[in-house]
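Please read each point alongside the sequence and coordinates.

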Amino acid sequence: MLINEDPVLNSAVSVLGQSLRETEDQLARSMMEGGAPPINCTSGTNGDNPTNISPLDCSKAVRLLRTANAQFIMDLIEGELKFGTAPVRTAFFGLGHTNLSADLDQMVGFINVANYANQSNLLQSEWGTVRNLRFLLSSVGSVTPNASAGGQDVYNIFIPGQESYDMVDLDGYSAQFIYAPPEIASPRLRLYQTAGWKMAQVFNITNTSWIINLRCTLAVAL
Amino acid sequence: MSSQITTGMFQNVASTPFFLPIPNQIDEFRLLNLTRSGVTAGGVAGSLTSTRIVEADFFPRYMAAGTALIKQNGTVSGILAPINNGIASINGFTLYNSYSPAAYAAVAVSAFTPGTTTAWTTGAVHGLQVGDNVRVYGLTSAPQFSGLNMTVTAVGSTTTFTTLLDSTGATTSVGFVQKVGNAYVAASNGVYPANRVIAKISNANPMVVTTLVQQNYYVGDVVTFDMPSIFGVPQLTNSISGLPFQATVIAANNAVGTQTVTLAIDSTNFGVFATSSGAATNPGHWPLSAGYPFSFPTMVPQGEGNINNFQAFNVTPAPLPYANQDVLSFAKQNIGSRGILIGAGDGTNSATTGGIIGSTVDVWEWKAITSSQTYP
């Protein structure tokens with residue numbers, strides 16, 4: 001006799017939702033790999049090309065975007081009377097791989113999200129900020145294997161401004177969760193049910209002046 | 001349960017690898033060279049030919065990537081040729097997923113010969129073919145080239161190959177080279193069009209840009225530029241005005257070895273490529289090592305414009321009257337695909353120069369088998 005049955009469908013929905021969003025991330029990532037103008041970090045200290053990320057490289061990237069009139073994504077976070085916190089500048093997002101976290105922690109002037117003056121409206125993937133960049137890290141962030149001058153992996157940090165890329169989806173096809181109860185999935189004996197998702201989307205850079213691929217290598221070995 | 005068999009026919013380009021997109025799981029792949037077996041098909045006259053691979057098979061579960069089980073004609077006598085059985089150890093079959101391309105082994109570079117094109121010498125057999133994209137790295141005496149991707153434009157021998165890098169003035173170096181793809185198959189990120197690193201820029205009207213990797217751009221495409229200051233052409237950047245510098249392609253030569261894009265720009269009075277105020281200046285050529293590290297100059301696809309106004313460059317609007325109505329061809333397209341890459345070489349199973357596809361235009365029949373069950 002079944003008692004305390006696990007809510008299997010509920011947990012499947014949760015996992016499928018993550019699968020859908022990570023797939024969207026990967027599609028957007030591949031589009032930016034193919035089209036975002038690349039600049040190398042050159043002010044790091046590891047001797048490679050590109051070098052590891054440095055605050056100056058972040059400033060240069062922001063300068064390029066701002067000169068091209070790219071608009072910031074995030075408003076500033078004002079300073080508050082809280083020990084150990086700091087204000088956060090208006091910022092672009094830097095979309096990178098989770099392997100960058102240690103290098104970011106090492107940067108002079110880096111502020112972890114825990115030290116923001118206000119923690120409201122933070123994204124789970126946000127790692128922290130330096131200069132006018134706030135970094136969102138993901139395990140599906142972009143890495144180009146063995147592509148540096150020294151043969152190390154190159155990490156692509158995409159920095160989009162507002163309206164720099166868009167997403168096109170077919171009408172009614174942006175994302176569909178499809179549940180088939182046992183009567184449909186296995187009508188003969190009604191043994192199992194299915195759940196899944198489908199979508200049809202494409203990402204596209206609308207203005208190459210408003211997005212940058214800041215390429216770097218690691219200083220902190222994996 | 002049943003197996004699924006997919007068949008088809010294709011005609012190769014001489015000495016060029018062929019990518020066959022097949023999304024199915026491939027458990028067996030079999031290939032017959034109809035032309036070199038004497039069969040007239042697909043508009044190509046059959047010609048029974050000595051010392052040519054006429055059958056090649058691949059079993060991905062058991063065989064190494066890049067190899068093939070082959071049957072090769074012996075010396076033709078009349079209307080028959082004996083069959084030799086063996087293995088092609090290079091340029092055979094490779095299952096290819098454009099989002100997860102095969103990782104190729106690095107080969108040591110023992111030296112390169114600086115010049116307007118660069119001849120690279122490897123310490124071991126490189127196994128490269130014209131059209132392969134390679135990356136050089138770890139060039140200790142010439143770090144300014146390290147990390148560059150380039151298309152192989154000529155293969156001098158089993159240990160030499162040439163690319164369009166203008167390395168004049170550089171110091172030769174040891175290092176490494178690694179195959180990273182091929183000009184004829186989808187890019188590793190599966191997106192078209194892709195950025196291209198610039199090999200050189202002319203000071204002329206119209207301006208001609210040569211790329212290190214074959215680019216597949218076409219007339220009417222619009223590009224912008226990512227031009228670091230060390231390359232000395234500030235006219236192509238937007239770092240002062242904030243306005244993107246856009247240029248329309250009025251001619252493109254996508255042939256491997258030429259790799260040029262002609263743009264509707266008069267660059268006669270622009271800065272000379274790779275001229276800077278520092279010790280890295282090297283007018284007309286790639287910067288010298290003193291500038292290391294730096295970003296690479298890049299041509300960035302922006303979109304597509306119309307070509308109505310380029311009669312001065314002898315570009316006739318087509319189709320008339322508005323021209324270039326296919327305005328989405330240069331938008332980002334996802335061209336990622338799975339399939340099988342059929343290698344090219346001299347059409348034999350030579351361990352140094354071999355490859356399934358040879359120097360002739362042949363018609364091939366192929367069969368891909370997806371097994372629903374395998375034992376044990």
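1. Nonpolar cores. The largest nonpolar core has 62 residues, and those with the most contacts inside it are Val136(B), Leu148(B), Leu165(B), Leu212(B) and Leu263(B). At least three residues come from each of domain 2 (106-182) and domain 3 (191-334) of chain B. Apart from this core lies another, of 43 residues, among them Ala28(A), Val88(A), Ala91(A) and Phe158(A). A nonpolar core is here a set of buried Ala, Val, Leu, Ile, Met, Phe, Trp, Tyr and Cys residues joined through C-beta atoms within 7 Å. A residue is buried if 20 or more other C-beta atoms lie within 10 Å of its own, exposed if 12 or fewer, and partly exposed in between, with C-beta atoms placed from the backbone.

2. Basis of the model. This is a predicted model, in which local features need pLDDT of at least 70 and side-chain atom pairs count only at pLDDT 80 or more, whereas totals for chains, interfaces and linings use all residues. Residues are numbered from 1 along each chain as its sequence is written, while chains are lettered from A and ligands numbered from 1 in the order in which they are written.

3. Surroundings of Val136(B). Not counting residues up to four places away in sequence, Val136(B) touches Val109(B), Phe145(B), Ser146(B), Leu148(B), Gly175(B) and Val177(B). Contact requires that the C-beta atoms of two residues, placed from the backbone, lie within 7 Å.

4. Domains of chain B. Chain B is divided into domain 1 (4-97 + 337-370), domain 2 (106-182) and domain 3 (191-334); these bounds come from an automatic or database domain assignment. Between domain 1 and domain 3 of chain B, the C-alpha centres lie 38 Å apart.

5. Open sheet of chain B. An open sheet is formed by 8 strands in the order S1-S23-S3-S4-S5-S6-S22-S2 (chain B), with antiparallel pairing. Strand S1 (4-11) and strand S2 (18-21) of chain B stand at the edges with a single partner strand each, so one side of each is left without a neighbour in the sheet. On average, neighbouring strands of this sheet are turned by 25 degrees against each other, direction ignored. Helices (H or I, at least four residues) and strands (E, at least two) are DSSP runs, numbered from the N terminus, and two strands pair if DSSP finds at least two bridges between them. Axes are lines fitted to C-alpha atoms, for helices over the stretch in contact, and angles run from 0 to 180 degrees between N-to-C directions.

6. Strand S5 (residues 67-73) of chain B is joined to strand S6 (residues 83-97) of chain B by 7 bridges, and Gln72(B) stands opposite Asn84(B) in S6(B). Strand S4 (residues 53-58) of chain B is joined to S5(B) by 4 bridges; there, Ala56(B) has Ile70(B) as its bridge partner.

7. Barrel of chain B. A closed barrel of 6 strands runs S15-S16-S19-S18-S17-S20 (chain B), with antiparallel pairing. Its neighbouring strands are turned by 50 degrees against each other on average, direction ignored. Strand S15 (residues 196-201) of chain B and S20(B) pair over 2 bridges, and the partner of Arg196(B) in S20(B) is Met299(B).

8. Backbone geometry. Most residues other than glycine have a negative phi, and most peptide bonds are trans. The bond from Asn205(B) to Pro206(B) is cis, with omega near 0 degrees, and Pro206(B) is in the loop between S15 and strand S16 (207-211) of chain B. The bond from Tyr292(B) to Pro293(B) is also cis, with omega near -5 degrees. In chain A, Asn69(A) has a positive phi of about 65 degrees and is partly exposed, with 14 other C-beta atoms within 10 Å.

9. Asn213(A). This residue lies in strand S12 (residues 211-216) of chain A. Asn213(A) counts as buried because it has 27 C-beta neighbours inside 10 Å. The C-alpha atoms of Asn213(A) and Gly34(A), 179 residues apart along the chain, are separated by 9.9 Å.

10. Interface. The contact takes 31 residues from chain B and 28 residues from chain A. On the side of chain B that touches chain A, S20(B) gives the most, with 4 residues.
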